[in-house]
Amino acid sequence: MAGPHALSGRCHCGDIAVSVQLSGAAERYSPRACDCDFCRLHGASYLSDPKGQLRFTVQPGAALNRYRQGAEEADMLLCGRCGVLMGACYERDDKCYGVVNTAILPPVFAAPQPVSPKRLSADEKTRRWMLLWFPDVVIER
Ligand SMILES: [Zn+2]
């Protein structure tokens, strides 16, 4: 994926690559630092763009593991070999909405903003994901 606002990254072992296409300059995006236990343990903060594109590429023989915490409806995506948290995805109506963990991208973003989605109801959460997350996430093998 190339373009004026393209970024790429990978997990620690290189089994999983990510490419991101943003609709604006990366410096204008403030990643969201979720305050749930899982995300704090990973030190993750997330980037999304409803007008952008997100693609994960899984090397042959590699695994992109999914972990679903509690009653969440989204899957956390982790490299099956080195365990790096790549992002999350939410599947609905044959579409995959997603976010990427900014820790795997170059440090070009504005300061992260703390967010507390755990205060939202399940319904509010999924509606928010469909509005804010990358639509049409591709997981390429
Ligand atoms: Zn890895």
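Is R40 buried or exposed? R40 counts as exposed, at 55% relative accessibility; here, exposed means over 50% relative accessible area, buried means under 20%, and partly exposed is anything in between, using a 1.4 Å probe and protein chains only. The model you're looking at is predicted, so local features need pLDDT of at least 70, side-chain atom pairs count only at pLDDT 80 or more, and totals for chains, interfaces and linings use all residues. Residues are numbered from 1 along each chain as its sequence is written, and side-chain values use heavy atoms, with hydrogens and water left out.

**Salt bridges overall**

- Search the whole structure and you'll find seven salt bridges, each one a side-chain nitrogen of Lys or Arg within 4 Å of a carboxyl oxygen of Asp or Glu.
- As a bit of background, side chains of opposite charge can pair when their charged atoms come close.

**The pair in helix α1**

- R40 has a salt-bridge partner in D37, with 2.9 Å between the closest N and O atoms.
- D37 and R40 sit three residues apart in helix α1 (residues 37-42), so about one helical turn separates them; helices are DSSP runs of H or I with at least four residues, strands are runs of E with at least two, and both are numbered from the N terminus.
- D37 is exposed too, at 51% relative accessibility.

**The pair in helix α2**

- D123 and R127 make another salt bridge, and their closest N and O atoms are 3.1 Å apart.
- Both residues belong to helix α2 (residues 122-132), where D123 and R127 are four residues apart, or about one turn of the helix.
- D123 comes out as partly exposed at 49% relative accessibility, while R127 is exposed with a relative accessible area of 51%.

**A linked group**

- What about their surroundings? R68 counts as partly exposed, at 47% relative accessibility, whereas D75 is buried, at 10%.

**A look at R28**

- You'll find R28 in the loop between β2 (16-21) and β3 (32-34).
- R28 is exposed, with a relative accessible area of 68%.
- From R28 to P50 it's 22 residues along the sequence and 15 Å in space, going C-alpha to C-alpha.
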